[in-house]
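Here is a short note for someone opening this structure for the first time. The points can be taken in order.

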Amino acid sequence: MKTPLALPIVSLAFLLAACPRANEPPPVDITAVNYTYRAPRSVPPGPTRFRLVNAGTVPHEVQLFRFKLGISPDSARALLALEHFPDSLADSGGAVLIAAPGTTAPEEIYADLQQGQVYALVCQFRDSAAAPKHDRLGMFAALQVARAP
């Protein structure tokens, strides 16, 4: 025999799992449109969620990684335009999101951003084995963590 409290506890647990968390920050959308990203050039510091929206006609990824402190957004963009740059200029951590054409990646990247950091956004997919990587077609960007509003 069930106790009178059993049903409300199960219902409450289901309700909490189905609702978004109240303190969760809104997502920062990185939109892939064929061989470019539409993304903010700067974001405020603090807990941040990134998601990849693929509005293009081919699969895309976003590799998100942080440059070492002291590298400006302009320097970061110049480095990303090179075919190769020294690994020593980037921190060792990072994450990747992948989305098929016309979809949003089912996963998100969560990061606690600190003022002054600069992040790279890069897609290194190819449309075929002989095709250039998407970043060689211009699919890269730099994102700066600005001062809090």
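**Aromatic cluster and surroundings**

1. Phe65, Phe67 and Phe85 make up one aromatic cluster. Rings of Phe, Tyr and Trp (its six-membered ring) pair if their centres lie within 6.5 Å; planes under 30 degrees apart count as stacked, over 60 as edge-to-face and the rest as tilted. By this rule there are three aromatic pairs. In one of them, Phe65 and Phe67 are tilted, with 5.6 Å centre to centre and 55° between the planes. Phe65 and Phe85 form a stacked pair, at 6.4 Å centre to centre and 25° between the planes. Phe65 belongs to strand S5 and Phe85 to the loop between helix H2 (73-81) and S6, so this pair ties together parts 20 residues apart in sequence.

2. The model is predicted: local features need pLDDT of at least 70, side-chain atom pairs count only at pLDDT 80 or more, and totals for chains, interfaces and linings use all residues. Residues are numbered from 1 along each chain as its sequence is written, and side-chain values use heavy atoms, with hydrogens and water left out.

3. Buried means under 20% relative accessible area, exposed over 50%, and partly exposed in between (1.4 Å probe, protein chains only). Of the 149 residues in the protein, 32% are buried.

4. The protein has two helices and nine strands. Helices (H or I, at least four residues) and strands (E, at least two) are DSSP runs, numbered from the N terminus. From that end the order of elements is α-β-β-β-β-β-α-β-β-β-β. Taking contacts (heavy atoms within 4.5 Å) with a separation of 6 or more, 68% are between residues 24 or more positions apart.

5. The largest pocket holds about 320 Å³ of space. Among its 22 lining residues, Gln63, Phe65, Phe85, Asp87 and Gln124 are the closest to its centre. S5 and strand S6 (90-99) are the elements that give two or more residues to the lining, and S6 gives the most, with seven residues. On a 1 Å grid over the protein atoms alone, a pocket is an open set of points where a 1.4 Å probe fits, with protein on both sides within 12 Å along at least five of seven lines; lining residues have an atom within 4 Å of a point.

6. How is the lining of the largest pocket divided? There are eleven nonpolar, six polar and five charged residues. Asp, Glu, Lys and Arg count as charged; Ala, Val, Leu, Ile, Met, Phe, Trp, Tyr, Cys and Pro as nonpolar; the others, Gly among them, as polar.

7. His60 lies in strand S5 (residues 60-67). His60 counts as buried because its relative accessibility is 0%. A polar atom of the His60 side chain lies 2.8 Å from the backbone oxygen of Asn34. Not counting residues up to four places away in sequence, the residues that His60 touches include Asn34, Tyr35, Cys123, Phe125 and His134.

8. Ala141 is part of strand S9 (residues 140-145). With 17% relative accessibility, Ala141 counts as buried. Leaving aside neighbours within four places in sequence, Ala141 is in contact with Tyr37, Leu80, Tyr119, Ala120 and Leu121.

Notes. Polar contact = N/O pair within 3.5 Å; in protein donor to acceptor, adjacent residues only side chain to side chain. Points joined across faces, edges and corners; volume = space filled by probe spheres on them.
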